Amino acid sequence: MDKSIDVNEILKKAAALYDEKKFSEAVELWKSIEDVGCAEALYRLGICYNYNRGVDVQDEEKRGVIASGYFMKAGEMGHADAQCFVGLCYRCGLGVDKDLKKSVEWFEKSAAQNCAQAMNNLGLMYEQQEVDLELNESDKEYEEYVGEYDDFEEDEDDGDDENGERGDVRRKKYAKSMRISFEWYMKSAQLKNATGQLSVGRAYYHGRGVPCDYKAAVKYYSLAAEQGSADAFFRLGECYDGGEGVEQNAIKAFQYYREAAKRNHAKAQCYVGYCYEYGEGVKRNFDEALKWYNVSAENKYGQAYCNLGCMYEEGRGVKKNMSKAIEMYERGFEHGNYMSAYNLGNVYAFGKGVKVNMELALKYYAEAAQGGVAEAQYNLAQHLHNGKYIEQDDEAAAYWFMQSARNGDADAQYKIGSFFMNGVGVDEDPELGFYWFLKSAMQGDGDAQYAVGLCYEEGMGVEVDLDEALEWYARSAKQGNKEAKKRLKG
């Protein structure tokens, strides 16, 4: 090394130039010391090539190769942030072949030096199950902490998957992944990293890797919000909205949504619009609702377009305009909002401002159904069952009724219950039939309540219990079900 070179002074000058957005000059200085064993200079050059700042390499793939090379050199010299970027390169295939195992190894090297971002990246990889795991006896302790894991689906299909793993093994591996994910996020949170705090909050909120604990979720969301995390403000708004971990308070919910919206959180901006539209936590103001929906839409949030479409369709705060509503729904669907597709299905099914076009309606219902919209899944199933505008197919109808039922649609739960009871599109299974009737009945569906009563009276899928039968007939009769009233009269 040339002793006349003051490496620290050059690093200081280059950093200042970079902060002033004089990227080319900063790169020139860092390159002047790249051969003197300065890991920081190598790391900074990797950053510049990665983000195309101050360099003259137009080919993106070539820049990736150069960037990963610099990160690798700095990482091998022990630079923690560079090691984190090497992990990202291997995870994303940037300049190197994608290799998740090597990605984990580099993130772990970086995390060992207290790099919070590496810890967060490891948490994310385990959360997304990108790491192969082996199971052992001690993992049983965490099996119940699986969050939104679909228990019913695993009960239905306990066979081998494409990798030859049974459903119970997949569940255990999922539980272990969530536990390890939580542990990495917690390490980051303990370093007062906002992303780590937010992720710990999410884990507690959803019960992934730890028992569900809304109060703990609020605690960690609050810590992240103190550091200005827009998503943390939004999630606190959700907690106050639903009274989860805190006393329900619509005013505070709105205030947190607004704080997130001010920080350009697109979903929060849509929520602020919704609060103004319906007067939740703030005085109703259609002008403000339109303003915030438009801001959210400009940030490409599809639900905002959908909500604008509804306002134009219903004439809420604006002159009723179906052409504008359809335009908003179309733009919402273009931005991945499947409720917009469902609304477009209704537009063409019922001829709202256009000629009835069932082919187009069913196309949009199918798109929305694939996107998880329960109402669309139910409508598509009904058409498949009736076979009026589409080829009749009870197996397909049963599939979509089941998807809608799992998404909580009471009508679909009643329908799939009927299918199981009668063996329509599925194998006859009275126990599953009763299970879905009861799900629907608990949501207040009068026909389902009558069906539950009948099941108890005649022992279909459940043991005979005349007292229970009478109770459910009474509930159904209160909703006007004539058959239930007949049963009560004997």
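Tyr 274 is partly exposed, at 35% relative accessibility. Keep in mind that this is a predicted model, so every value here is computed from it. Tyr 278 is partly exposed too, with a relative accessible area of 34%. Both tyrosines sit in helix H14, which covers residues 266–278. How many residues apart are Tyr 274 and Tyr 278 in helix H14? They are 4 residues apart, which means that about one helical turn separates them.

Now for their rings. A pair of aromatic rings is described by two things, the distance of the centres and the angle of the planes. A search of the whole structure turns up 27 aromatic pairs. Tyr 274 and Tyr 278 form an aromatic pair, with 4.6 Å from centre to centre and 40° between the planes. Elsewhere, ring pairs tie Phe 333, Tyr 338, Tyr 348 and Tyr 364 together into a cluster.

**The whole chain**

Let's zoom out. What is the count of helices and strands in the protein chain? There are 26 helices and 0 strands. The chain has 490 residues, and buried ones make up 47% of them. Along its principal axes, the C-alpha trace spans about 105 × 65 × 50 Å.

**Two loop residues with positive phi**

Back to single residues. Gln 129 is not a glycine, yet its phi is positive, at about 55°. You'll find Gln 129 in the loop between helix H7 (116–127) and helix H8 (151–156). Gln 129 is partly exposed, at 41% relative accessibility.

Lys 192 is another residue other than glycine with a positive phi, this time near 65°. Look for Lys 192 in the loop between helix H9 (167–190) and helix H10 (194–206). Is Lys 192 buried or exposed? Lys 192 is exposed, because its relative accessible area is 64% and the exposed class begins over 50%.

**Two residues and their distances**

Next, pick out Cys 455 in helix H24, which runs over residues 446–458. Cys 455 has 0% relative accessibility, so it counts as buried. Glu 391 belongs to the loop between helix H20 (374–386) and helix H21 (394–406).

Each of these two residues can be paired with a partner elsewhere in the chain.

| Pair | Apart in sequence | Apart in space |
|---|---|---|
| Cys 455 and Ala 374 | 81 residues | 26 Å |
| Glu 391 and Gln 248 | 143 residues | 48 Å |

**A charged patch**

Which residues form the negative surface patch? The patch is made of Glu 463, Asp 465, Asp 467 and Glu 468. One of these, Asp 467, lies in helix H25, which covers residues 466–478. Asp 467 is exposed, with a relative accessible area of 62%. A patch residue needs over 30% relative accessible area, so Asp 467 clears that cut-off with its 62%.

Methods:
Residues numbered from 1 in each chain as written. Predicted model: local features only at pLDDT ≥ 70, side-chain atom pairs only at ≥ 80, totals over all residues. Heavy atoms only, no water. Patch = residues over 30% accessible without salt bridge, like charges linked within 9 Å, V, L, I, M, F, W, Y side chains within 5 Å. Areas by Shrake-Rupley, 256 points an atom, 1.4 Å probe, with all protein chains shown as cover. Salt bridge = Lys/Arg side-chain N within 4 Å of Asp/Glu carboxyl O. Lys, Arg positive; Asp, Glu negative; His and termini not counted. Charge placed at Lys NZ, Arg CZ, Asp CG, Glu CD. Buried < 20%, exposed > 50% of the residue type's maximum accessible area, 1.4 Å probe, protein only. Phe/Tyr/Trp six-rings, centres within 6.5 Å; stacked < 30°, edge-to-face > 60°.
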